[in-house]
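Please read them with the structure open.

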There are 2 protein chains.
Amino acid sequence: MAVSEAEAIIMEVLWRSSPRSAEDILAEVGPQQGWQEGTVKSLLNRLLKKKAVKAERDGRRYLYAPRLTREQYVSQESKGLLDRLFGGRVAPLVAHFSEQRKLSRKDIVELKKLLQELDDEQS
Amino acid sequence: MAVSEAEAIIMEVLWRSSPRSAEDILAEVGPQQGWQEGTVKSLLNRLLKKKAVKAERDGRRYLYAPRLTREQYVSQESKGLLDRLFGGRVAPLVAHFSEQRKLSRKDIVELKKLLQELDDEQS
DNA sequence: GGTCATCGTTTACGCATGTAAACATGAACA
DNA sequence: TGTTCATGTTTACATGCGTAAACGATGACC
């Protein structure tokens, strides 16, 4: 089962640093998202059920940590979009962003470097 | 309100060619998705309610056509992903696909050309 | 040992979604 | 004119999600 959007926000917190307590997670994400204790707890439980996080006992409470890696998550999500909207091809995706003027100067520099490196390692 | 995944499949049909009747849409998408008449009709109605498609009477029936353009849809979706997962930057996205070996030879050629063109038009 | 604070677990509830059946309506035909 | 066929409209129903309150267990403290 897929990690939902709200759940992903919890995951991001855990990816940044883990293991962490629920209280700790709430402190980081609550104010920013306007979420209350119960919300964070429910999300954590759903993530446990989905096996996206694991919990290890620490005295009276649990410390939570990702089981699903960010790489795995990002891969699923971006492959989904790529396949659904761009026929699985990367160049059209970039072309789209280019047309939308979403390519910064920095992006362009980095992309060039990336392509250069691909050439290098390939020769 | 956002166009859902199932709804997007109907949209794709309409983007390919429109206006079209419900029957016509069903013929194209039904067998492939295993959807029945009622399903397609419901999806069309939800899309109407969301103003993503419009319907024009054609005798006893309606002909449906997109109101939301594919460009608009693709933009929303891809900007969402870009922001959520890559800090809104394109280069990291491409780097990700590169690491996942999702860059085909053809992609690389096209990306180079794209970057070249950007240079050209800018100078 | 009874009470309180602290955690986690269970239950709730409205809304969206996927999937479709039931119903309504109007045209066509017997 | 009553029946049938084709369409669209309404209703349904299970599941997941966002958001949280209620409940339960357990350790700490008086």
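1. Start with the loop between α1 and β1 (20-21) of chain A, where A:Pro19 sits. The peptide bond that joins A:Ser18 to A:Pro19 is cis, its omega being near 0°. Please bear in mind throughout that this is a predicted model.

2. Chain B has a cis bond to report as well. The bond from B:Ser18 to B:Pro19 is cis, with omega near 0°. B:Pro19 belongs to the loop between α1 (5-16) and β1 (20-21) of chain B.

3. Two backbone angles in chain B deserve a look. B:Lys51 is not a glycine, yet its phi is positive, near 60°. This residue is in the loop between α3 (37-49) and β2 (53-58) of chain B. B:Lys51 has a relative accessible area of 60%, so it counts as exposed, the cut-off being over 50%.

4. The other angle belongs to B:Arg101. Its phi is positive, about 55°, and again the residue is not a glycine. B:Arg101 lies in the loop between α5 and α6 (105-122) of chain B. Because its relative accessibility is 69%, B:Arg101 is classed as exposed.

5. Now the inside of chain A. A:Ile25 is part of helix α2 (residues 22-33) of chain A. Is A:Ile25 buried or exposed? A:Ile25 is buried, because its relative accessible area is 0% and the limit for buried is under 20%. Beyond its neighbours within four places in sequence, A:Ile25 has contacts that include A:Ile10, A:Val13, A:Leu14, A:Val40, A:Leu44 and A:Tyr64. A:Arg20 and A:Gly30 are also among them. As for A:Asp107, its C-alpha is 32 Å from that of A:Ile25, and 82 residues separate the two in sequence.

6. How do the two chains relate?

7. The interface in numbers. Chain A puts 42 residues in contact with 42 residues of chain B. About 3,700 Å² is buried between the chains, and carbon and sulfur atoms give 61% of that area. A:Leu85, A:Val90 and A:Leu115 together supply 15% of the area that chain A buries against chain B, more than any other three residues.

8. In polar contact between the chains are 20 residue pairs.

9. Which helices of chain A each supply at least two residues of the side that touches chain B? They are α1 (5-16), α4 (70-86), α5 (90-99) and α6 (105-122). The most comes from α4(A), with 13 residues. By class, this side of chain A has 19 nonpolar, 16 charged and 7 polar residues.

10. Finally, B:His96, in helix α5 (residues 90-99) of chain B. B:His96 counts as buried because its relative accessibility is 4%. Leaving out residues up to four places away in sequence, B:His96 touches A:Glu71, A:Val74, A:Ser75 and A:Ser78 of chain A, along with B:Phe86 of chain B.

How values were computed:
Residues are numbered from 1 along each chain as its sequence is written. Chains are lettered from A and ligands numbered from 1 in the order in which they are written. This is a predicted model: local features need pLDDT of at least 70, side-chain atom pairs count only at pLDDT 80 or more; totals for chains, interfaces and linings use all residues. Side-chain values use heavy atoms; hydrogens and water are left out. Helices (H or I, at least four residues) and strands (E, at least two) are DSSP runs, numbered from the N terminus. Buried means under 20% relative accessible area, exposed over 50%, partly exposed in between (1.4 Å probe, protein chains only). Contact means heavy atoms within 4.5 Å. Buried area is the accessible area (1.4 Å probe) that two parts lose on being put together, summed over both. A polar contact is a pair of N or O atoms within 3.5 Å; within protein, one must be able to donate a hydrogen and the other to accept it, and residues adjacent in sequence count only if both atoms are side-chain atoms. Ala, Val, Leu, Ile, Met, Phe, Trp, Tyr, Cys and Pro count as nonpolar, Asp, Glu, Lys and Arg as charged, and the others, Gly among them, as polar.
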